[in-house]
Amino acid sequence: MRTRAFIVIAVAALALSGCGDHNLVLKVDVLSYLDPSLLAVTFGPVPVVPGGLVTGEQPLVDDETINLLNGLNSVAEVRSVSIGLSAFAHDSTGSGSDTLRIYASDENTAPRSTPPVVQLVVDLTAGQDTTLDVTVPADSRVAELFVKRKMRLSVTTSLRGPGSGDPLNGRVALRTFEAIVIAGRKAF
Amino acid sequence: MLRRTLALSLLALVVGGGSAGAQTFSARRMAMGGVILAGGGAGSSGANVAYRAVPRAPKSGWALPLPIGLIPLLADPPEFDPDKPEFNLYELANLLYNPPWNLQLRSPDVSGNDITIAIGKDHLAVDLGDVKNLFPEDQSRIGAVVNGPELGFGIKRFFLAAAPLVHYENDLSFNDALRGAIDGEEFRPNTAYEMLDRGYGQAAVGVHLGWAGPLMQAGDPRGQGMGFYAGARVKLMRGLAYASADNSVAFTTADELFGAEPVNVNYRGHYYDTGPGGGGFGRGLDLGAVWMARGTEAGLGVNDIGTTFDWRVRETTATDDPVTGDYVQQVIARDVPLSSKVPTTAVANAATRIGRFLVAGDVVRGINVTTGHLGAETWLDKTVALRAGAYLDANELIQYTAGTGLRFGAIGVDLALASNSRNLSRERGLELGAGLAFYH
C-alpha cells in the first residue's frame with residue numbers, strides 16, 4: 001500500500017512544486033468504500049412513548065478501514081477540507097427524527113473515541129420523503145486524516161420515535177458522502 | 001529526507017522529460033541560426049577538427065560573448081532551499097535548461113492550475129490540467145556530448161590541448177496505461193502501469209593531440225583558388241566520474257483499486273557508479289575535412305570515433321522492501337571492470353557567398369536527435385551587419401533568429417535574438433545574446 005500510488009504522489013508533488021498559488025484538490029468518495037447494504041436503516045414500527053423512544057447510537061458502519069493515497073502528506077499541506085453528505089428519508093407512518101453521526105480517525109485510533117465529524121439530524125414526518133444535503137467544514141484533525149494512507153470510519157444512527165400519534169415506520173439512507181480536501185505545497 | 005529525495009527525483013524527471021538544445025554563446029552565430037560559421041568561426045574547430053587548418057578570413061576577429069543573462073539572475077536569484085515557500089522546482093529546471101548566459105526575454109510560464117485527484121474504492125483519476133504537458137508525449141530520449149573548451153597550443157600543423165569531456169544520456173518512457181492516466185484517464189483495475197528510466201553520464205579530462213593541415217591548396221581558396229583541409233584529433237583521457245542507473249517502477253492494480261489487498265509496486269534500480277578513484281584510461285578519435293573553392297566551403301566532421309573509457313565501478317541494486325515499503329540499496333560488487341562508450345556524432349556544413357550575402361547551413365547528427373541550422377549575414381557600409389537564420393531544434397520545432405553587428409573601428413558589438421523551446425513546456429521562448437567583437 002505504501003507505494004501504491006507513488007506515481008500519483010510524484011505527479012502531485014510536481015504540480016505543487018511550481019508557484020505556490022495553486023492547489024491540489026483531493027476528492028474522496030467515502031461512500032464508495034462502504035458496503036451499500038450498511039448505509040440504510042429501516043425502522044419500525046417504533047411504538048409511541050411519551051417523549052419519544054430513544055434508541056441510542058446504533059452502528060451502521062462499525063469501524064471500517066479506508067485505504068487512501070499514501071505519501072500525500074509528504075508533499076501536500078491541507079488548507080481546508082469540507083464534508084459533503086446527503087441523506088434520504090422515507091416516512092410511512094408516525095413522526096420522529098434520526099440522527100446520523102460520522103466518526104473518523106487515524107488508523108491507530110478507534111473512530112468512536114473521537115468527536116463526530118458530521119452530525120445530521122433528519123426530521124421524519126408522516127407520509128413524507130425528505131432529502132437533506134449538507135456541506136460542513138471539518139477541523140484540522142479531520143483534515144489531516146484525508147492525506148494519510150488509511151483512516152477508520154464509523155457511522156451511527158440514533159432514532160427518536162413518536163411521542164404521540166401513530167407508530168413510526170420508515171427508512172433512512174445515506175446517498176452521498178464526499179470529502180473535498182484543498183491542499184497546497186508542503187515545504188520540502 | 002523523503003521529500004528532498006522526491007524533489008531531486010522530480011527535478012531529474014522534469015529535466016529528463018524534455019529535450020534541451022544547447023544555448024549558443026556567440027551572438028553572431030546565434031543570430032545566424034546557430035549555424036557553424038564559415039571560415040573557422042566560433043564552434044567550428046570543435047565540430048570539425050579540420051577547421052584548425054582553414055585560413056582565417058582577412059579582417060576577421062575574435063568574439064567575446066557577454067553573459068547578460070546573469071544580470072536578472074543576480075538581481076533576483078532563485079530560491080535553492082526547498083524548505084522555503086519561494087522554492088520553485090520549475091524555475092530551477094528551466095535554469096538548468098538555460099544557463100544564465102543569454103538574457104531570456106520571454107520564458108513560457110509553467111502552468112499554475114489546480115490539479116484534482118479523485119479517489120474512491122474502485123476509482124482513481126488525476127486531472128493535471130496543463131501540467132500534463134510537462135510529461136513527454138512518448139518516449140523521451142535526450143543526451144549530449146560536450147567537448148572542450150580546449151586550452152593548448154600548436155606547433156606548425158600539430159597541436160596539443162587539455163580539454164574536458166562530459167557525456168550524458170537519458171531515456172524515459174511510460175507504458176500506454178500510465179501515459180493515459182497522466183492524460184486524465186482513470187486508473188483501471190487489473191492493469192499494469194510502468195515507468196522506465198535509463199540514464200547514464202560520464203566525465204573525463206585529458207589531452208587532445210592532433211594534426212590539421214592542407215592536403216591540397218592552390219591559390220587563395222577565398223578568392224579564385226581552392227583548398228582541401230583535413231584534421232585528426234586523438235583524445236587521451238582520464239575518467240573522472242561515471243554513473244548509470246536503470247530504474248523501473250511498475251505496479252498492477254487489483255480488482256479494486258483501493259481494496260483491502262495492497263497493490264505491490266515493484267521498484268527496481270540497478271546502478272553503476274564511481275568517482276575519480278575508479279576512473280581509467282579513455283581514448284577516442286575525431287576526424288574532419290573541409291573543402292573550399294572560390295569562397296564556397298563544405299565540411300564534414302566526425303567526432304568520438306571509438307571513444308571508449310575503462311572504469312572500475314561499484315554495482316548497486318535498489319528494491320522496494322515489501323514489508324517496510326522503504327527503498328533498500330545493496331552494494332553487490334565493487335571494483336567491477338566496466339567499459340563505456342561515447343556515441344559518435346557528426347556535423348556536415350556548407351557556406352557560400354551569394355552576392356552580398358554569406359549563407360551557411362549545417363546538419364548535426366547528435367545523440368538520438370538530428371538538428372539543422374541555416375543562417376545568412378550581410379554587411380552594410382562595413383559598419384552594420386544584418387543577420388538572420390532558422391534552425392530545427394531538438395524538439396523538432398523550427399526556431400527563428402535575427403541580429404545585428406555594429407562595428408566601430410577595431411571593436412564591434414553583436415546582438416542576437418533567437419527563439420527556442422528550451423523549457424519544460426517546450427513552448428516558444430525568446431532570448432537575447434550579446435558579445436563584443438575585436439577585429440584585426
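Of the 188 residues in chain A, 44% are buried, a residue being counted as buried if 20 or more other C-beta atoms, placed from the backbone, lie within 10 Å of its own, as exposed if 12 or fewer do, and as partly exposed in between. The model is predicted, and local features need pLDDT of at least 70 and side-chain atom pairs count only at pLDDT 80 or more, whereas totals for chains, interfaces and linings use all residues. Residues are numbered from 1 along each chain as its sequence is written, with chains lettered from A and ligands numbered from 1 in the order in which they are written.

Chain A contains three helices and nine strands, which follow one another from the N terminus as α-β-β-β-α-β-β-β-β-α-β-β; helices (H or I, at least four residues) and strands (E, at least two) are DSSP runs, numbered from the N terminus. An open sheet of four strands in chain A has the order β3-β8-β5-β6 with antiparallel pairing, where two strands pair if DSSP finds at least two bridges between them. Its edge strands, each pairing on one side only, are β3 (54-67) and β6 (118-124) of chain A. Within this sheet, β3(A) and β8 (residues 150-160) of chain A run antiparallel and are joined by nine bridges, and A:P59 stands opposite A:T156 in β8(A).

In chain B, B:A57 lies in the loop between α3 (44-47) and β1 (61-66). B:A57 has 16 other C-beta atoms within 10 Å and is therefore partly exposed. Apart from neighbours within four places in sequence, B:A57 is in contact (C-beta atoms, placed from the backbone, within 7 Å) with B:G39 and B:R222. The C-alpha atoms of B:A57 and B:R222 are 7.6 Å apart in space, although the two residues are 165 residues apart in sequence.

Technical notes. Two residues are in contact if their C-beta atoms, placed from the backbone, lie within 7 Å.
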